[in-house]
Amino acid sequence: MKRPKTYKLPTEERLVRSAIAYLDRYASSAENLRRVLSRKVARAAHALDHDAAEFSELIDTVVERCKRSGLVDDTAYAEAKVASLRRRGGSKRQIAAKLSAKGVERPIIEKTMAQDTVEDLAAARVLAKRRRIGPWRTRGARIDYRDKDMASLCRAGFGFETARLVIDADLDADPIA
């Protein structure tokens, strides 16, 4: 039989421990850490019949403390995320959207994307190879799946022309990857 979860009122010490535990497992932006701590506080406040807004200053204090100590650095987070997503075949649009969703500020996103040296065409090739579409298709006639493969790359944030170049590439005549 499972015991019901017991909650304690959030204190700065408890929130710092929670923040450190979260940051040990995941890289995070300051805004994302604020959201994680807010959800934790909201659950505890609801269980203990308190208003979660009472603890907003406490959350801000903990996030600022994490930023000052270097546990949270939005620029480093954005750079690492861009590098990781580019290796997996992420488009500039998709990466910018993911960083924005994690609460990274627009100037940091723009600066980080400007420093990125990977071209969208190379990233699209990586994604196509990973998904085994276009020239890397192993099942079915390639021509039968052309539109579906193009749509897949377009949904991943690549432009139509980039998707066309990758999907219509001939690996035998011009090895591109």
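**The whole chain.** Begin with the entire model, which is predicted. Colour it by secondary structure: the chain contains nine helices and zero strands. Followed along the sequence, the pattern is α-α-α-α-α-α-α-α-α. The radius of gyration is 22 Å, well over the 16 Å that the globule rule gives for 177 residues, so the chain is more spread out than a compact globule.

**Helices H4 and H5.** Next, select residues 74–87, which form helix H4, and residues 92–101, which form helix H5. The axes of H4 and H5 come within 10 Å and cross at roughly 140°. This crossing of H4 and H5 is right-handed. Now display the side chains where the two helices meet. On the H4 side, select Tyr77, Ala78, Lys81, Val82, Leu85 and Arg86; on the H5 side, select Lys92, Ile95, Lys98 and Leu99. By class, six residues of this contact are nonpolar and four are charged, with no polar residues.

**The largest pocket.** Finally, move to the largest pocket, which holds about 300 Å³ of space. Which residues are the closest to its centre? Select Tyr7, Lys8, Arg14, Lys40 and Ala44; these are the closest to the centre among the 13 residues that line the pocket. Then highlight helix H1 (12–25) and helix H2 (30–47), each of which supplies at least two residues of the lining. Coloured by class, the lining of the largest pocket shows six charged, five nonpolar and two polar residues.

Notes. Residues numbered from 1 in each chain as written. Predicted model: local features only at pLDDT ≥ 70, side-chain atom pairs only at ≥ 80, totals over all residues. Heavy atoms only, no water. 1 Å grid on protein atoms, 1.4 Å probe; cavity = no way out; pocket = protein on both sides within 12 Å on 5 of 7 lines; lining within 4 Å. Points joined across faces, edges and corners; volume = space filled by probe spheres on them. Helix = DSSP H or I, 4+ residues; strand = E, 2+ residues; numbered from the N terminus. Nonpolar A, V, L, I, M, F, W, Y, C, P; charged D, E, K, R; others polar. Axes fitted to C-alpha atoms, helices over the stretch in contact; angles between N-to-C directions. Left-handed = near helix turned anticlockwise from the far one by under 90°. Contact = heavy atoms within 4.5 Å. Rg over C-alpha atoms; globule rule 2.2 N^0.38 Å.
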